[in-house]
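I open a notebook on this structure. The entries follow the order in which I looked things up.

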Amino acid sequence: MIKRDLYQNLKEHILKKEITFIVGPRQAGKTTLMLMLMDELLKKDKKVLFLNLDIEMDKQFFGTQLDLLKKIELEIGKQGYVFIDEIQRKNDAGVFLKGIYDQNLSYKFIVSGSGSVELKEKVHESLAGRKRVFELSIVSFKEFLNYKTSYKYGEKIIDFFKLEKEKTLKFLEEYISFGGYPRVVLDETYEEKNSTINEIFQSYLEKDIYYLLKVKKSEIFINLIRILASQIGKLVNYSELSNTIGINILTLKNYIWYLEKTFILKRVSPFYKNIRKEITKSPIFYFYDLGMRNFILNVFGKLDSIPDKGFLFQNFIFNILSERLKETSTTINFWRTQDKAEVDFVLNFGNNYIPIEVKYSLIKKPVVPRSLLSFIKKYNPPQAFIVNLGNNDILKIDNTEVIFIPFYSLYDIEL
C-alpha cells in the first residue's frame, strides 16, 4: 500500500455535508482511497454503500434520481455514506447529483471520476457551492520515496534527501524512468511494470479518447502524443505540427485540449510584459507522468537510452512546482525572447517574479547562465533559483540573490 498525502484531507472532509469530489487520472488510485475511507467508516459502524458506474449491475440504478434514492434507502436506510465511482459514465452527472443534493437528505456523497471533459466542465459547473474538489495525481516523488524507504522517515524524509544523496539520486533515476502510477510503482519486475503501463495507456485510449472523441484514425492521435512526448520543454508550433500529422489546426487544438482535460498533458504559457519584444505565444507542454511519456517513446525504464534527460528532469521539476503551488494563485510560466534568451520557469506572483533555471547535473562551480542574467537585469527579481542535482550555493547579482539548490530542496523552501 502506498500512503497518499491527500488521504488525511479526505478524511477530514468526509465529515462535511458538501459532496467530496475526487478527480484525477485513470489508475491514479481514486478507488483505493474511496475503499480505505469506506473501511474506516465501517469500523465505526457507519452505514455505507459503494456503487461503480463501470459495473453494469450498478449502472442500472442511475436511470433516474428516484431509482438511485430507492437503491440507497434499501441498502442503508435514511442516512449514511454513499460512494459513487466513475461518475463520468453518467450523462449530465452534475445536474443529476445536484437534484439529489438539493433535497437535503441525510446522505453524504463521496464521488470520484477520471478526467473526462464531462466531469471537469459540466459537473463542476452544476455543483457550484455544493462540492469540494480534491485532485489526486499520480504518486509524487516524495510519496514514492516514503514508500521505497518503508515509511521509516515520515516527516523526516527531507533529512533523508540531504544525508543520503547517492540513494536519493538512484531513486530519482528510477522515478523519472518508470513514473508514478501506483500499480507501476508496486510492480517488482520490469516486465510487470511494462505490462501495467501498457494496460493503463490502452485503457486511457479506449475509455477516454475513443469514447469522447469518437476518433476514427487512432494512429493520428497516437502520433500526436508521440510528437508531444518527444518535445517536452520545447515550443509547440501548431502550424508545423498540424502539417506533420496531417490534420487541420482546429482539430489539432481540440485533440490537445482533450489531452489536457484527461490528465495527460499540462500546458505552460510564456511569460511576457512587452509583446513586441517577447516571442510569440506558443506554449510548452509537460506530461503528468514521466513513465507514460517514456512508454509512448519506447524508452520506458531505459534512462540510459533517453537522449533528452535534461528535458525529462525539467518536466520532473515542473511537476514538483505544480504540486507545491496548486492551492495558490501563483502561475508557472516560461521565458523566451527573440534574442534566444530563455529561462525554464518563472513563478508569477502577480507583482513579483521568481525565475528558475533547471540543470540536470552536479554543479561544481556556481555560474549564472547568460539567459538568467538577462532576466535578472530586465526584471530585477528578489530571488532566482538554479535547481540542480546537488549543489548548494548563493551568489549576489545586483539586488537579486541567485540561489543554487538541489532538486529535493523544492519540497523544503518557501515559494
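**Entry 1: terms and source.** I count two strands as paired if DSSP finds at least two bridges between them. Strands (E, at least two residues) and helices (H or I, at least four) are DSSP runs, numbered from the N terminus. The model is predicted, so local features need pLDDT of at least 70 and side-chain atom pairs count only at pLDDT 80 or more, while totals for chains, interfaces and linings use all residues. Residues are numbered from 1 along each chain as its sequence is written, and side-chain values use heavy atoms, with hydrogens and water left out.

**Entry 2: strand β9.** I looked up the partners of β9. In β10, Phe345 has Ile356 as its bridge partner. Strand β10 covers residues 353-358 and is joined to β9 by 4 bridges, running antiparallel. The two form a hairpin with 4 residues between them, and Gly350 in that turn has a positive phi of about 100 degrees.

Strand β8 (residues 331-336) also pairs with β9 in the antiparallel sense, over 5 bridges. Here Arg336 stands opposite Glu342 in β9. This hairpin has 5 residues between its strands, with Lys340 in the turn at a positive phi of about 75 degrees.

I then checked burial, where buried means under 20% relative accessible area, exposed over 50%, and partly exposed in between (1.4 Å probe, protein chains only). Strand β9 (residues 342-348) has 6 of its 7 residues buried, so the rest of the structure largely encloses it.

**Entry 3: strand β13.** I asked how many residues of β13 are buried. The count is 6 of 7, over residues 400-406, and the strand is mostly covered. Strand β11 (residues 383-388) runs parallel to β13, joined by 6 bridges. Ile386 stands opposite Phe404 in β13. Strand β12 (residues 393-397) pairs with β13 in the antiparallel sense over 5 bridges, and Lys396 has Glu401 in β13 as its bridge partner. β12 and β13 form a hairpin with 2 residues between them, where Asp398 in the turn has a positive phi of about 55 degrees.

**Entry 4: nonpolar cores.** I take a nonpolar core as a set of buried Ala, Val, Leu, Ile, Met, Phe, Trp, Tyr and Cys residues joined through side-chain atoms within 4.5 Å. In soluble globular proteins, nonpolar side chains tend to be buried together. The largest core here has 82 residues, of which Phe141, Phe316, Ile317 and Phe407 touch the most other members. Apart from it lies another core, of 26 residues, including Phe21, Leu68, Phe96 and Ile100.

Not counting residues up to four places away in sequence, Ile317 touches Phe345, Val358, Val387, Phe407 and Leu410.

**Entry 5: Asn319.** I found Asn319 in helix α16. Is Asn319 buried or exposed? Asn319 is buried, with a relative accessible area of 16%. Leaving aside neighbours within four places in sequence, Asn319 is in contact with Lys266, Phe287 and Tyr288. The C-alpha atoms of Asn319 and Leu290 are separated by 9.7 Å, and the two residues are 29 apart along the chain.

**Entry 6: the largest pocket.** I worked on a 1 Å grid over the protein atoms alone: a cavity is a set of points where a 1.4 Å probe fits but cannot get out, a pocket is an open set with protein on both sides within 12 Å along at least five of seven lines, and lining residues have an atom within 4 Å of a point. Grid points are joined across faces, edges and corners, and a volume is the space filled by probe spheres set on the points.

The largest pocket holds about 1,100 Å³ of space. Its lining has 43 residues, and Glu135, Lys266, Ser322, Glu323 and Lys326 are the closest to its centre. Helix α16 supplies the largest share of that lining, 7 residues.

**Entry 7: cavities.** I found 2 cavities of 30 Å³ or more. The largest cavity has a volume of about 50 Å³. Of the 11 residues that line the largest cavity, Arg26, Tyr181, Tyr204, Asp208 and Ile264 lie nearest its centre. Helix α11 (residues 190-213) gives the most to this lining, with 3 residues.

The second largest cavity has a volume of about 30 Å³. Lys17, Ile100, Tyr101, Leu105, Tyr107 and Phe109 line the second largest cavity.

Key
Contact = heavy atoms within 4.5 Å.
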